[in-house]
Number of protein chains: 6
Amino acid sequence: MVRSRRFDVRRIDVNKRVMTGSESEEPKLRRAVCPGSFDPITNGHLDIIARASKLYDVVHVAVMINQSKQGLFTVDERIDLIRRATAEYGNVEVESFHGLLVDFCKQRDIPAIVKGLRAVSDFDYELQMAQMNNGLSGVETLFVPTNPTYSFLSSSLVKEVAAWGGDVAHLVPPFVLEALTERLKNKQ
Amino acid sequence: MVRSRRFDVRRIDVNKRVMTGSESEEPKLRRAVCPGSFDPITNGHLDIIARASKLYDVVHVAVMINQSKQGLFTVDERIDLIRRATAEYGNVEVESFHGLLVDFCKQRDIPAIVKGLRAVSDFDYELQMAQMNNGLSGVETLFVPTNPTYSFLSSSLVKEVAAWGGDVAHLVPPFVLEALTERLKNKQ
Amino acid sequence: MVRSRRFDVRRIDVNKRVMTGSESEEPKLRRAVCPGSFDPITNGHLDIIARASKLYDVVHVAVMINQSKQGLFTVDERIDLIRRATAEYGNVEVESFHGLLVDFCKQRDIPAIVKGLRAVSDFDYELQMAQMNNGLSGVETLFVPTNPTYSFLSSSLVKEVAAWGGDVAHLVPPFVLEALTERLKNKQ
Amino acid sequence: MVRSRRFDVRRIDVNKRVMTGSESEEPKLRRAVCPGSFDPITNGHLDIIARASKLYDVVHVAVMINQSKQGLFTVDERIDLIRRATAEYGNVEVESFHGLLVDFCKQRDIPAIVKGLRAVSDFDYELQMAQMNNGLSGVETLFVPTNPTYSFLSSSLVKEVAAWGGDVAHLVPPFVLEALTERLKNKQ
Amino acid sequence: MVRSRRFDVRRIDVNKRVMTGSESEEPKLRRAVCPGSFDPITNGHLDIIARASKLYDVVHVAVMINQSKQGLFTVDERIDLIRRATAEYGNVEVESFHGLLVDFCKQRDIPAIVKGLRAVSDFDYELQMAQMNNGLSGVETLFVPTNPTYSFLSSSLVKEVAAWGGDVAHLVPPFVLEALTERLKNKQ
Amino acid sequence: MVRSRRFDVRRIDVNKRVMTGSESEEPKLRRAVCPGSFDPITNGHLDIIARASKLYDVVHVAVMINQSKQGLFTVDERIDLIRRATAEYGNVEVESFHGLLVDFCKQRDIPAIVKGLRAVSDFDYELQMAQMNNGLSGVETLFVPTNPTYSFLSSSLVKEVAAWGGDVAHLVPPFVLEALTERLKNKQ
């Protein structure tokens with residue numbers, strides 16, 4: 001049958017193209033970046049990073065430095081918490097950045113930004129950013145639906161609830177809970 | 001335990017590949033599927049497929065067979081138009097399917113569904129489908145923002161405008177325009 | 001039959017308490033209604049009914065009869081499945097109705113309609129209905145956020161997935177799964 | 001003062017441009033169209049037409065003929081009801097049309113489509129249509145926020161409520177109510 | 001002071017009825033809370049409180065204390081304005097609170113938060129809060145569609161318009177208008 | 001034919017009404033206002049102003065003065081950039097204002113506010129403002145769908161991207177780009 005034959009041919013084509021790469025035998029590593037403030041990382045963030053880590057060879061977590069806004073945790077502390085939380089995935093690299101995310105991507109040959117998507121109001125702003133980023137650099141943004149269990153979750157909500165003594169043990173990894181409790185105790 | 005061992009192996013693999021590139025191991029082909037009715041394919045569909053073709057090694061285009069609804073084009077005609085429109089990308093495979101998209105994915109080892117996202121009303125239904133599909137099979141859905149130029153575009157709008165003699169030359173590839181004009185002429 | 005007897009007894013109780021309400025010290029029974037097609041009832045519906053059953057003295061489940069659309073289950077079958085699924089709550093009454101929901105409410109002295117709310121596209125239509133119902137009769141509509149775990153769930157999605165052999169055991173009660181499997185088998 | 005002088009000069013310029021028109025002394029009539037099915041016209045439609053009639057010299061009401069869908073009222077009946085309802089505005093013209101709205105506009109030199117906007121789900125579809133229409137012909141679509149009192153109102157909701165004996169006297173003009181009651185009585 | 005005495009009396013009444021609830025035939029008092037900043041209360045807030053006061057035995061109005069943001073009115077002034085505005089309902093209790101709303105609820109045995117819902121952008125944030133609150137404590141949030149007439153109304157919009165001399169007499173109770181005018185005059 | 005005759009009669013009527021105006025022969029100028037911060041004007045703003053300039057005789061651009069927020073450009077600089085960008089349209093007047101937009105409109109006999117509409121989150125706030133403005137003064141707000149190419153564009157995004165050295169040449173007029181580059185250089 002014509003169609004399946006062409007199919008086979010093409011599949012082989014594709015394999016060959018990929019197998020042989022251009023000059024060397026090296027395969028193309030598929031990279032993606034998950035950007036955010038991560039002040040601190042929550043189970044919602046982890047859900048997205050975990051999904052990305054299955055879909056890409058290397059997942060970069062980029063912690064945005066916002067000089068005009070003091071966080072609860074320093075950027076170094078946030079990076080440390082993310083590293084502990086993502087260690088088991090085995091293909092996650094954590095770094096800070098300031099400036100434009102698309103420059104971060106170009107320097108590391110990252111063609112895709114992966115973001116969780118929780119709700120509609122999210123979407124509008126994210127769509128603007130995605131189109132701006134694509135226009136600036138060709139970097140694509142891919143939105144992954146957040147696990148519904150974490151759809152209500154944000155770092156600021158976690159901090160607010162924890163600050164008033166609410167229980168957030170189910171919303172962050174255990175060592176983040178510990179760091180959070182310690183930090184909030186010191187602030188009072 | 002097997003899985004964690006494989007995990008460890010992979011971790012090393014990944015690092016090694018990152019560090020040294022790979023000499024031996026065959027790379028994992030990254031596959032994604034773009035599903036739809038494609039009755040017929042528009043420049044909006046092509047925009048998404050083109051983006052996916054840069055992000056994945058193989059992009060499957062899956063034409064859904066809907067037995068309860070007669071299309072303007074037969075499934076074979078739609079597949080033919082998609083093949084002509086995507087031939088230049090070099091890594092696109094076009095097939096029809098009926099049943100659950102997740103079964104299509106499992107049979108072909110496709111871990112990701114890539115969909116264009118145009119607007120908010122889209123998003124709600126798509127999110128439902130994405131969560132259902134993820135729950136059934138672990139297949140992830142990734143949403144790519146549609147090029148704003150095509151954000152208003154849909155096959156049914158194209159057909160409606162063309163049926164009344166409106167100009168849709170900027171909305172579909174030339175040979176789709178031709179097929180559309182021919183088909184609509186015969187229907188009257 | 002035991003259950004309907006208990007039912008009758010309660011209904012009498014209820015009426016008496018409401019009738020005599022004003023002169024004596026007897027309290028006002030708080031009633032609410034959960035309307036829908038329930039073809040068939042899912043865990044998402046049950047989530048809302050369970051929440052309502054804690055917030056109100058009596059929860060009426062009203063199965064809408066739609067004469068222009070044939071369901072997978074008859075109205076009587078749907079009522080039976082709902083009764084089995086809600087028996088444990090102890091304060092749920094299941095009935096069918098046709099016509100305007102506000103008339104159903106007025107006849108039973110129900111001041112509140114309780115609906116689950118899943119997403120934005122839901123909300124617009126629901127808001128229209130709520131304002132129309134309030135304008136017609138003064139009946140209020142209260143929206144309860146659906147448990148995120150069930151936010152993607154709808155009877156039609158369940159039927160579609162089950163029809164193609166997908167696993168929906170986590171989405172409906174066991175006896176609904178059984179009825180669904182049986183019915184779909186007979187349809188083929 | 002420099003700015004106000006430039007201001008005056010420009011204002012005169014503008015007036016002259018408009019006064020002298022092209023050949024004759026006639027000013028340019030500002031036209032707009034309010035399209036819809038109007039099956040039948042409601043107070044919500046009237047709210048938008050009334051607003052448009054204050055903003056434009058002539059407001060065209062275009063009743064779309066949908067051959068594949070039988071209405072409750074014939075197109076001529078709908079036109080008659082709209083004419084009676086809008087007679088007092090003095091600058092409203094009612095016609096039916098089929099085909100593309102932009103062709104209707106071009107034939108009558110109408111540069112603007114005016115539509116009421118009720119809610120978000122409205123907006124997405126309307127935005128698609130607006131961008132398609134603008135791309136086809138340069139005709140602009142202007143959205144006017146519906147009076148909140150009528151924001152829940154639609155012809156189909158009115159018909160559904162009236163069919164079950166609900167009171168819709170506050171939602172349509174008196175003679176529409178009469179026609180509606182008569183028609184629904186005959187249908188039973 | 002008369003009002004607080006009546007208040008105390010009622011509170012005792014209420015407690016007695018709740019306390020003795022289980023052994024005797026006495027009914028459970030149904031409580032709900034309407035939280036907010038109320039700086040100052042508007043007709044939109046009153047619309048929601050009035051609806052809740054018909055659906056529940058006791059409605060608590062909880063004025064959130066936000067230490068990081070200075071209001072136009074002090075918390076005590078806001079409470080006073082709310083008390084005057086809701087006096088006629090007969091079952092409304094007004095208090096301030098700081099901390100987590102769910103703690104306020106637990107201390108007073110309130111199972112339901114009632115909130116007005118104006119629009120989509122509202123909904124996303126509110127849904128997050130509702131799910132967080134439910135997860136923390138089991139307290140349910142019920143959303144009541146705002147009367148469309150007040151759907152555009154917010155305290156901050158009222159203050160902004162009044163500050164520039166715009167007429168807001170139709171948007172707040174007369175004594176709130178008076179207090180607002182006085183306060184804004186003093187601020188200039 | 002009756003309808004076309006009535007048509008002709010009415011059209012004449014309309015012309016006469018317009019021609020004779022009040023006392024003089026002058027036609028009624030149709031005015032609209034495009035309000036905003038314009039810090040600085042972008043191609044997205046220009047897209048809306050250009051559309052309005054075709055639909056109205058005079059388009060006022062009103063630059064809102066926000067005393068509590070320092071802009072990147074002074075109000076006079078913004079006005080100057082807008083004047084240069086809109087000079088070619090021939091019927092655009094640029095002014096600053098503070099206070100209520102409806103007062104600006106009343107002083108200049110402007111019955112319509114024209115705003116671009118980019119996305120859903122925009123819409124909710126804009127709808128509130130539109131209904132407030134209409135309630136205060138009868139001024140109507142008309143929303144024009146933004147050209148999709150500029151749908152992601154905002155002054156603050158442009159400034160942020162430009163501040164980090166991103167290329168925004170396709171997003172603003174050349175002399176705005178120049179002013180922006182100059183200003184940002186001086187700020188560092």
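Arg30(A) lies in the loop between α1 and β1 (31-36) of chain A; helices (H or I, at least four residues) and strands (E, at least two) are DSSP runs, numbered from the N terminus. This is a predicted model, in which local features need pLDDT of at least 70 and side-chain atom pairs count only at pLDDT 80 or more, while totals for chains, interfaces and linings use all residues. Residues are numbered from 1 along each chain as its sequence is written, chains are lettered from A and ligands numbered from 1 in the order in which they are written, and side-chain values use heavy atoms, with hydrogens and water left out.

**Surroundings of Arg30(A)**

- Arg30(A) counts as buried, at 8% relative accessibility; buried means under 20% relative accessible area, exposed over 50%, and partly exposed in between (1.4 Å probe, protein chains only).
- Beyond its neighbours within four places in sequence, Arg30(A) is in contact with Tyr56(A), Asp57(A) and Val58(A), and also with Arg30(B), Lys54(B), Leu55(B), Tyr56(B) and Asp57(B); contact means heavy atoms within 4.5 Å.
- Leu55(A) is 25 residues apart from Arg30(A) along the chain, and their C-alpha atoms are separated by 8.6 Å.

**Confidence**

- The complex has an ipTM of 0.81 and a pTM of 0.83 from the predictor.
- Chain A has a mean pLDDT of 83, with 82% of its residues at 70 or more; pLDDT is the predictor's confidence in each residue, from 0 to 100.
- Over residues 1-25 of chain A, pLDDT stays under 50, and the model has 28 contacts beyond four places in sequence for them.
- Where pLDDT is low, the predicted coordinates should not be read in detail.

**Aromatic rings**

- Over all chains, the structure holds 6 aromatic pairs. Rings of Phe, Tyr and Trp (its six-membered ring) pair if their centres lie within 6.5 Å; planes under 30 degrees apart count as stacked, over 60 as edge-to-face and the rest as tilted.
- One of the pairs joins Phe97(C) and Phe104(C), tilted, at 5.4 Å centre to centre and 55 degrees between the planes. Phe97(C) and Phe104(C) are buried.
- Phe97(E) and Phe104(E) also form a tilted pair, at 5.4 Å centre to centre with 55 degrees between the planes, and both are buried.
- The charged end of Arg108(E) sits over the ring of Phe104(E), 3.8 Å from its centre. In chain A, the charged end of Arg108(A) sits over the ring of Phe104(A), 3.8 Å from the ring centre. The criterion is NZ of Lys or CZ of Arg within 6 Å of the ring centre and within 35 degrees of the ring normal.

**Helix α4 of chain C**

- Helix α4 (residues 101-108) of chain C has Leu101(C), Val102(C), Phe104(C) and Cys105(C) as its buried residues. They lie on the same side of α4(C), because they cover an arc of only 155 degrees around the axis; the arc is that of the directions from the helix axis to the C-beta atoms.
- Exposed Lys106(C) and Gln107(C) are on the face of α4(C) turned away from its buried side.
- Asp109(C) follows α4(C) and has a positive phi, near 60 degrees.

**Cysteines**

- A search of the whole structure finds 0 disulfides over all chains; a disulfide is a pair of cysteine sulfur atoms within 2.5 Å.
- For the sulfur of Cys105(E), the closest cysteine sulfur is in Cys34(E), 11 Å away and too far for a bond. Cys105(E) is buried, at a relative accessible area of 0%.
- For the sulfur of Cys105(F), the closest cysteine sulfur is in Cys34(F), 11 Å away and too far for a bond.
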